[in-house]
Amino acid sequence: MSRNPGDARNGGMLPPPVKYHPAADDDLLTGFRHPDGRPGELRGFFATTIAISLVVWDLAFALGAYHTVFYYRLLQIFVVCVVLLLGALVLRRHLTVRRWMLAILAVPLIWVAWRLIVPIGGRWHSVYHVVDVALISVVLVTLPITMWVVARIVAPEYFELSTLRLRLASAGIVVVVAIAGVLTGQFNNHVVTCQDFVVAGDDTPANCLNSSEKPK
């Protein structure tokens, strides 16, 4: 009975099977399983960037198409701020939260309380409008701080990235998505039609394109 030449070199034992590795693995398809990389960090990079980009795209597209922030987005900001505010108060013995941060988180609550106490279209419509716009403006101006707090809590992977280059790359991608969202919303008549908005249950922007028209 003949032996394989490798049997003698390994004490009569057969050599282990050789696993096939293609010359160029696709890290996106394999989920960053290559042994020489940083799979956990890279997955965190993409997961965080994708999640933030989806939110930013929606806000940016609405600003470009409708030139406003939808009411339900303001109410979502209200919910987030209420959770953070109540959580900070309930856990005040375990947390250190500055008064100015509590004030920022209280602004959306004040806005909703204002609308509940003074309904839209009251006797002093002009005064109501000024106060309402002022409160909404404060909410939007302080929104980056609120988003920073939320990101620190729900996306710690971003802040754990080992290099400044990765953090800047993630932020840069989000900025590009935001700019693309605003431009796509502004020039929506080049991308979608009025019927697309109707089917989605949205209002039609002023410059949307009817299916029988040519892009402007």
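Biologist: What are the elements of the protein chain, helices or strands, and how many?
Modeller: Ten helices and zero strands. Read along the sequence, the pattern is α-α-α-α-α-α-α-α-α-α.

Biologist: OK, and what's the mean pLDDT of the chain?
Modeller: The mean is 82, and 81% of the residues reach 70 or more. Keep in mind that the model is predicted.

Biologist: Which elements have the lowest and the highest mean pLDDT?
Modeller: Helix H1, residues 5-9, has the lowest at 48, while helix H9, residues 164-186, has the highest at 93.

Biologist: Back to residues 5-9, how many contacts does that stretch have beyond near neighbours in sequence?
Modeller: Five in the model, and the pLDDT over that stretch is below 50.

Biologist: Let's go inside. How many residues are in the largest nonpolar core?
Modeller: It has 17 residues. Those with the most contacts inside the core are Leu 74, Ile 77, Leu 105, Trp 111 and Val 139.

Biologist: Which helices each supply at least two residues of this core?
Modeller: Four of them do: helix H4 (71-90), helix H5 (99-117), helix H6 (125-141) and helix H7 (143-154).

Biologist: I like a tryptophan. What does Trp 111 touch?
Modeller: Leaving aside residues up to four places away in sequence, Trp 111 touches Leu 74, Leu 75, Asp 132, Leu 135 and Ile 136.

Biologist: What other core lies apart from the largest one?
Modeller: There's another of seven residues, including Ala 62, Ala 65, Phe 197 and Cys 208.

Biologist: And what percentage of the chain's residues are buried?
Modeller: Buried residues are 27% of the 216 in the chain.

Biologist: Switching to contacts: among those between residues at least 6 apart in sequence, what share joins residues at least 24 apart?
Modeller: That share is 58%.

Biologist: Where does Leu 28 sit?
Modeller: Leu 28 is in helix H2, residues 27-30.

Biologist: Does Leu 28 count as buried or exposed, and why?
Modeller: Exposed, because its relative accessibility is 62% and the cut-off for exposed is over 50%.

Biologist: Last one: what's the accessible surface of the whole chain?
Modeller: It comes to about 15500 Å², and 66% of that belongs to carbon and sulfur atoms.

Note on methods:
Residues numbered from 1 in each chain as written. Predicted model: local features only at pLDDT ≥ 70, side-chain atom pairs only at ≥ 80, totals over all residues. Heavy atoms only, no water. Core = buried A, V, L, I, M, F, W, Y, C linked by side-chain atoms within 4.5 Å. Buried < 20%, exposed > 50% of the residue type's maximum accessible area, 1.4 Å probe, protein only. Helix = DSSP H or I, 4+ residues; strand = E, 2+ residues; numbered from the N terminus. Contact = heavy atoms within 4.5 Å. pLDDT = per-residue confidence, 0-100. Areas by Shrake-Rupley, 256 points an atom, 1.4 Å probe, with all protein chains shown as cover.
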